[in-house]
Amino acid sequence: MIVSVSHIRKAFDTKEVLQDISFHLEAKEKASLIGINGAGKTTLFQILLGRLSPDEGEVYLQKNLSIGYLPQIAEYESSNRVEEELLTVFDDLRRIEKEMHHLEEQMETDSSTLLLERYADLRHRFEDQNGYQYRSRVRGVLAGLGFEESEYSLPIEHLSGGQKTRVMLGKLLLMKPDLLLLDEPTNHLDIESLTWLEGFLSSFDGACLIISHDRYFLDRLCTKTIEIERGKGTVYNGNYTYYIQEKQFRQKIAVREYEAQQKEIARQEGIIRELRGRGQEKFIKRAQSREKILDKMEVLDKPQVLNASMRLHFVPNIESGDLVLKAEDVAKSFDQRPLFHGLSFEIHKGERVALIGANGIGKTTLFKMILGQENRTYGDLRLGVGVFPGYYDQTQENLSPDKSVLDEIYDTYYPALNVPEIRNILGCFLFRGDDVFNQISNLSGGEKARVSLCKIMLSNCNFLLLDEPTNHLDIASREVLEENLKAYKGTILFISHDRYFINQVATRTLELLPDEMVSYLGDYDFYLEHKRQERKENEWTEITDSKISFQNKKQAASDLRRLKTRANRLEKEIEDCEAQIEDIKKKMLLPENYSSASKFRQLEEKVSDLEKKIEEDMLLWDEVQQMIKEAE
């Protein structure tokens, strides 16, 4: 156990944010911290970092525990360039490397024992810390986080907020602390980078506590879920899907226990009224005795369960024709630089289509072309009969900052909708009670997004174009949006990096590539499975071609013998190379060799050449073994 949190409480002024939070983390454990926006997740991070003190409770951290923290919004100031900033993680190795080069130059003319011993010590430290790999590790992390090689030399001060966050995340991953506290690490990453980050963190030796609204990411990575709800913490020993299932199960039990207790309270109160009604002293004493029992009873809180009857079916006023959108050989270029070309696809009424692709591939540009806000370079792109598109672009420019949430909807849709109907609809977007009187200018980004999504779904549009609709939304809001979109009777085309959201909503997935649009008749998991199947088919085609070629040879038995002989010869060559490497490494330890930089480098080059020879022979050996298996 490296972290233990016991009965933490924290209040700001009169508002109690955390009431009773308890959990522990073990070394290498990956856990998620979930809850609605404002639940206190970031406050808990600040307590773990020692930046805030709890009002009550205890926090235990393992002695000398190193913690890396990624805030949701990175406030990053540096005069370095991108790659140079990540290289600062290895400043100690770089100093050793610099001194080694300096000593190598000195050893050309000076072979004193003191100099040689110093060089040998530095070299041992450098190798022990994997010094020869640190530059490739930096570039691997940069590429994994979606940086193009042309961006490695960009000054940090010229980067966007999202790019700075990725730089900060890259540094943390390279530092390898004992515990990573990550606040929305998947923001600003495309699907390819998300997949890379999942793999990196899965093999990360330290522990992770992650705040994220990316449920797919949490499902793939985390084995523990810590929920903060109404100030209290609950631990679920499983991933996000397990948490959902277990919470529903616990809620059913809680509802039954609450209803049973309420029933018992009502029964006891009825008996008390009856006893008191008799007026005799002995009956009054019995009533008082039962009242004392009721007073001592710990009354259960009423469980909060989403009322399924509140979900509405949004039906566009105008029904479109069957063909909603048709694209034929569409292309777009900017200043003679091609963005994409050869896009041909159709979207039909009632479909919910996810548009995926790498960052910068042109997804938002394609949306603007559909809306007529951007011209196409060539090709045909047209809407079908009776199609009225509506666009959600995250900016919430269609909202009036001086209006309340209720007035924003009322002023737009009255008299078609009255106040009770509007309040019911807003309840489906998690605006309940007095929430509807909050002024737009005082809302959070996620709350504004919910108002905008509500307006667009109530509009006369029958073709929704949604650009990252889940950005700024907490998990509860995402789940409500999913339910509303699944019930929507129009057509939807949406861009999203939220793979869980795609699985819940999409009936089809379009992948935008530079030279084509590929359609998959299913959700994101179907798309992944189809990709895996394509890879298997390609591998099988290669094997089959090899097998056919082999079977076409006239003397199959003779060829098989030759293949086995070749495999044996390759094994012998590999063994000989390995023996030579061991012999050279022994020579490198001799004073006359490690005292001379030039001799030492020559021996290193021989080792490198032999290792390359082994790799080549191993690849050939694998191929030969496969051919032998096919022939047999």
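## A buried loop residue

E468 sits in the loop between strand 15 (463-467) and helix 15 (475-487). The model is predicted. Is E468 buried or exposed? The relative accessible area of E468 is 8%. That counts as buried, because the cut-off is under 20%.

E468 and L366 are 102 residues apart in sequence. Their C-alpha atoms are 14 Å apart in space.

## Helix 11

L366 belongs to helix 11, where it is one of the buried residues. Helix 11 spans residues 363-370 and is mostly covered, with 6 of its 8 residues buried.

What follows the helix? Just after helix 11 comes G372, with a positive phi of about 80 degrees.

Most residues other than glycine have a negative phi. K176 is not a glycine, yet its phi is positive, near 50 degrees. K176 is found in the loop between helix 6 (161-175) and strand 6 (179-183).

D329 is not a glycine either, and its phi is positive at about 50 degrees. Where does D329 lie? D329 is placed in strand 10, residues 323-334. With a relative accessible area of 42%, D329 is partly exposed.

## The nonpolar core

In soluble globular proteins, nonpolar side chains tend to be buried together. In this chain, the largest nonpolar core holds 95 residues. Which residues have the most contacts inside it? They are L201, L426, L464, L466, L485 and F494. Helix 14 (residues 445-458) gives the largest share of this core, 7 residues.

Take L426 from that group. Leaving out residues up to four places away in sequence, L426 touches V405, L406, I409, F431, V436 and C454.

## Y69 and its surroundings

Y69 lies in strand 5, residues 67-70. Y69 is buried, with a relative accessible area of 12%. What does Y69 touch beyond its neighbours within four places in sequence? The contacts are T42, F45, Q46, L49, R51, M168, L172, L181 and D183.

Y69 can also be set against S289. The two are 220 residues apart in sequence. In space, they are 57 Å apart, C-alpha to C-alpha.

## The whole chain

The chain has 20 helices and 18 strands. How spread out is it? The radius of gyration is 33 Å, well over the 26 Å that the globule rule gives for 632 residues, so the chain is more spread out than a compact globule. Along the principal axes, the C-alpha atoms fill a box of roughly 110 × 70 × 60 Å.

Of the 632 residues, 43% are buried. Among contacts with a separation of 6 or more, 68% join residues 24 or more positions apart.

## Surface and charge

The accessible surface of the chain comes to about 34000 Å². Carbon and sulfur atoms account for 47% of that surface.

The chain carries 86 positive and 108 negative charges. How far apart are their mean positions? The mean positions are 5 Å apart.

Technical notes. Residues numbered from 1 in each chain as written. Heavy atoms only, no water. Helix = DSSP H or I, 4+ residues; strand = E, 2+ residues; numbered from the N terminus. Buried < 20%, exposed > 50% of the residue type's maximum accessible area, 1.4 Å probe, protein only. Core = buried A, V, L, I, M, F, W, Y, C linked by side-chain atoms within 4.5 Å. Contact = heavy atoms within 4.5 Å. Rg over C-alpha atoms; globule rule 2.2 N^0.38 Å. Areas by Shrake-Rupley, 256 points an atom, 1.4 Å probe, with all protein chains shown as cover. Lys, Arg positive; Asp, Glu negative; His and termini not counted. Charge placed at Lys NZ, Arg CZ, Asp CG, Glu CD.
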